[in-house]
Amino acid sequence: MLRIMSRVGGAALSAWRHPNHVLPLAPRAAWQAFPPSAVGSAMAQQERSMASKKHKAVLRQTKGYRGRAKNCFTVAVRRLQKALQYAYRDRKQKKRDMRTLWIQRVGAASRQHGMSYNQLIPSLNKARIELNRKVLADIAATEPYSFRAVMDTVRSVKQ
Amino acid sequence: MSVANVLLRRSHRPMWHLVDAKDQIVGRLATQIAPLLVGKHKPTYSPNVACGDIVVVINAADVQFTGKKWTDKVYRWHSGYPGGLKERTPKQQLERRPEEILRRAVMGMLPKNKLRSRMILQLKIYEGPAHPHEGDLRGKSNILQGPDD
């Protein structure tokens, strides 16, 4: 059975050990020496720790992520790492993917004019047309008459 | 500079193609139909956008298999219930719903992505020579002769 603890922390233990010895409670007057204004209000100004700044910086980048990855730092930081890895890898892959798309488009356009892609390319070289696949694809999609002109040139050189 | 997506979803107007499947071999025909549905025959092709055309197939019941496939080829699928493995031969399928033979073949030749379900809807198969799309076909001939310019 515990006695009432003294407000002075260290004396609590002795109060328990010496039940007959009643310790005086610290008088209310003693707190007069520490008025609130001197201590500084604990609630008025929250101290921002450096950790929450870092967390916020990560979470700002994980908007739109699924589940806890958009809200919880420990999950988010892992997903963000992965996202950055993918971004690095895909900057390189993007160049490859675009070329693949251009080739598909040029092939389609070329076939519309009766020639396959693999016949077109050596014919372009033979005709010394140095337009690259990107430009050819663009022309084929947006300037069909120009593309036809290219095809005609290529066919005439083939003879 | 060119934009990778020349075609926007809203500005796509699909072309209509008519195919007579009479006496055509299933797989070989499907091989020609699938790229049309995907849009790979167009210089404006974009993989992220449904840019394919619409294909109307008639006489789908008169389609052919080589060899003994009519009896030996087996379509298998599972219903999900225990003991629910089901089997059917093309011959049986012909009796139930002949259009499905060609549809299955084409479905397997489309890219397995989110656009596939949309693409297969552009394929309209009819078992006989009649079809309700007279207004939409403007004299597009059989694609087996090769697309026009």
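Trainee: What is the relative accessible area of Asn59(B), and is the residue buried or exposed?

Mentor: Asn59(B) has a relative accessible area of 9%, so Asn59(B) is buried. Buried means under 20% relative accessible area, exposed over 50% and partly exposed in between, with a 1.4 Å probe and protein chains only. This is a predicted model, in which local features need pLDDT of at least 70 and side-chain atom pairs count only at pLDDT 80 or more, while totals for chains, interfaces and linings use all residues. Residues are numbered from 1 along each chain as its sequence is written, chains are lettered from A and ligands numbered from 1 in the order in which they are written, and side-chain values use heavy atoms, with hydrogens and water left out.

Trainee: Where is Asn59(B) found, and what is its phi?

Mentor: Asn59(B) is in the loop between β2 and α2 (69-72) of chain B. Its phi is near 60 degrees, which is positive in a residue other than glycine. Helices (H or I, at least four residues) and strands (E, at least two) are DSSP runs, numbered from the N terminus.

Trainee: In what order do the strands of the open sheet in chain B stand?

Mentor: The order is β1-β2-β5 (chain B), with parallel pairing. Two strands pair if DSSP finds at least two bridges between them.

Trainee: Why is one side of β1 and of β5 of chain B left without a neighbour?

Mentor: β1 (16-20) and β5 (123-125) of chain B are at the edges and each has a single partner strand, so one side of each has no neighbour in the sheet. From one strand to the next, the twist averages 20 degrees. Five bridges link β1(B) to β2 (residues 54-58) of chain B, and Val19(B) has Val57(B) as its bridge partner in β2(B).

Trainee: Which helix packs on the sheet, touching β1, β2 and β5 of chain B?

Mentor: That is α1 (residues 26-38) of chain B, whose direction makes about 150 degrees with that of β2(B). Contact means heavy atoms within 4.5 Å. Helix α4 (residues 99-107) of chain B lies across β2 and β5 of chain B, at about 155 degrees to β5(B).

Trainee: How do the axes of α1(B) and α4(B) cross?

Mentor: They come within 8 Å and cross at roughly 60 degrees. Axes are lines fitted to C-alpha atoms, for helices over the stretch in contact, and angles run from 0 to 180 degrees between N-to-C directions. The two helices, α1(B) and α4(B), are therefore oblique to each other; angles under 35 degrees count as roughly parallel, over 145 as roughly antiparallel, 65 to 115 as roughly perpendicular and the rest as oblique.

Trainee: Which residues make the contact between α1(B) and α4(B)?

Mentor: Val26(B), Leu29(B), Ala30(B), Ile33(B), Ala34(B) and Leu37(B) of α1(B) meet Ile101(B), Leu102(B), Ala105(B) and Val106(B) of α4(B). Ten are nonpolar, none polar and none charged. Ala, Val, Leu, Ile, Met, Phe, Trp, Tyr, Cys and Pro count as nonpolar, Asp, Glu, Lys and Arg as charged, and the others, Gly among them, as polar.

Trainee: A change of topic: how many bridges join β3 to β4 in chain B?

Mentor: Four bridges join β3 (residues 75-78) of chain B to β4(B), and the strands run antiparallel. Trp77(B) stands opposite Lys86(B). The hairpin has six residues between its strands, and Gly80(B) in the turn has a positive phi of about 105 degrees.

Trainee: And in chain A, where is Arg128(A)?

Mentor: Arg128(A) is in the loop between α5 and α6 of chain A. Its relative accessibility is 73%, so Arg128(A) counts as exposed. Although Arg128(A) is not a glycine, its phi is positive, about 55 degrees.
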